[in-house]
Amino acid sequence: MDMLGGLTPSEFLRDYWQKKPLVIRQAFPAFECPVSADELAGLACEEGVESRIVIEDDKGKPWQLHNGPFSPEQFSELPEKDWTLLVQGLDHWVPEISDILEHFRFVPNWRLDDIMASYAPVGGSVGPHYDQYDVFLLQAQGHRRWTFGGHCDHTSPRVEGTPLRILSSWDGEETVTLAPGDMLYLPPGIGHHGVAEDDCITLSVGFRAPTVDDVLTGFTDFLCSKSAAAEHINDPDLTVQENPGTIKTDVIDKLDHIIREQLGDRRNLALWFGQYTTAPKSMDIVVPAEAPAAPEDFAEALSSGEQLRWNEGSRFAYHELGDETALFVDGEQYLLRGDATPLAPLLCASSRVEMTALCRLAQDEALLGLLCTLYNQGSIYFE
Ligand code: SIN
Ligand code: CO
């Protein structure tokens, strides 16, 4: 399979990632969509599945947004054409969709957002817009005509009277029609507009990155959750000052010292980031086993040669911290030392864990216990 149109992942990252769009014909040759339009509609009726319907002309109002879950009646009342159903996090609900992610592992796990599916009858689209994210738009069923190009930002003119950010007076630069298996990569900020030419399903493999705001608020919240953060600033060295109204320089020095010491703690920064980027999208994603397994039972399943895999929607990452390795799974952190450290790269490398190496590591009682914990909390399961 030649998913990047003849480019190696390194070439793609160097020349296109975050830089410019790329059309890849037959990135997934003979691609067959693992879900049907009816299945998508069914999912959109379920509690816990994030779904939206966008209607281009909703009783005279432009580009109206409706949030799921929907009822079957709502689907029967939709117009004949010019609407789109979006289902978020499809990789979590459909294992065959989750498998598609294995082809995108040249991008780090922490950058992955999810796979969203869109279904549209002829004419359907979500309007011309731009996203803040990198996205691979994989045509899964039917045909979609994409017009794309031009850098957009918050100053780009927008259509009024809609909650969606639809670009007005935007023309795009290039137009292509994608057939099943074709794929379009778009970096953030590039205007695009995809219109269904027939009954059409598109899968958006989306990547995310935190904003500076996310990093500052997330890390400071993490620091504030530590007990030392509740300590008050003290001044046993207080001396009489000429004017009680003065805030003296040494007070600001003290604050400056605290801020630098706290914010400059790289170990805490790494621990926060690992937990933050592996936190599940919603609480429904990681469901604990009904009857927790004892480590002995778990060990038996391991030795019988069963394949362990990540729960769809679970997130795995690790970071090397000198003589320790921090393993992050679904927003939790596990510190590994010495002979235990190889478990982290092994578990994070692929959604289907390499079992020979894993069984060797699981001979260690503590690691067996950790794997059993991950199993019982629902982050890994036997296929
Ligand atoms: C779609 O698949 O209809 C919309 C996806 C996008 O433009 O980001
Ligand atoms: Co988009």
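**Close-up 1. Polar contacts between ligand 1 and the side chains of Arg144, Asp131 and His192 in the predicted model.** In this predicted model, an N or O atom in the side chain of Arg144 lies 3.5 Å from an oxygen atom of ligand 1. A polar side-chain atom of Asp131 is found 3.3 Å from an oxygen atom of the ligand, and for the side chain of His192 the corresponding distance, from an N or O atom to an oxygen atom of ligand 1, is 3.1 Å. Ligand 1 taken alone exposes 260 Å², of which the protein buries 94%.

**Close-up 2. The pocket and the shell of residues around ligand 1.** Ligand 1 sits in the largest pocket, and the elements that each contribute two or more residues to the shell around the ligand are β5 (112-120), β7 (144-151) and β11 (200-207). The residues around ligand 1 are Met116, Ser118, Val126, His129, Asp131, Leu137, Arg144, Trp146, His192, Thr202 and Ser204. Sorted by class, this shell consists of four nonpolar, five polar and two charged residues.

**Close-up 3. An aromatic pair formed by Phe12 and Tyr185.** The structure as a whole holds 25 aromatic pairs, and one of them joins Phe12 and Tyr185 in an edge-to-face arrangement, with 5.1 Å from centre to centre and 80° between the planes. This pair links distant parts of the chain, since Phe12 belongs to helix α1 (residues 9-15) and Tyr185 to strand β9 (residues 183-186), with the two residues 173 residues apart.

Terms used:
Residues are numbered from 1 along each chain as its sequence is written. Chains are lettered from A and ligands numbered from 1 in the order in which they are written. This is a predicted model: local features need pLDDT of at least 70, side-chain atom pairs count only at pLDDT 80 or more; totals for chains, interfaces and linings use all residues. Side-chain values use heavy atoms; hydrogens and water are left out. A residue is near a molecule or strand if one of its heavy atoms lies within 4 Å of it. A polar contact is a pair of N or O atoms within 3.5 Å; within protein, one must be able to donate a hydrogen and the other to accept it, and residues adjacent in sequence count only if both atoms are side-chain atoms. Accessible areas come from the Shrake-Rupley method with a 1.4 Å probe; for residues, only the protein chains shown count as cover. On a 1 Å grid over the protein atoms alone, a cavity is a set of points where a 1.4 Å probe fits but cannot get out, and a pocket is an open set with protein on both sides within 12 Å along at least five of seven lines; lining residues have an atom within 4 Å of a point. A molecule sits in a cavity or pocket if more than half of its atoms lie within 2 Å of its grid points. Helices (H or I, at least four residues) and strands (E, at least two) are DSSP runs, numbered from the N terminus. Ala, Val, Leu, Ile, Met, Phe, Trp, Tyr, Cys and Pro count as nonpolar, Asp, Glu, Lys and Arg as charged, and the others, Gly among them, as polar. Rings of Phe, Tyr and Trp (its six-membered ring) pair if their centres lie within 6.5 Å; planes under 30 degrees apart count as stacked, over 60 as edge-to-face and the rest as tilted.
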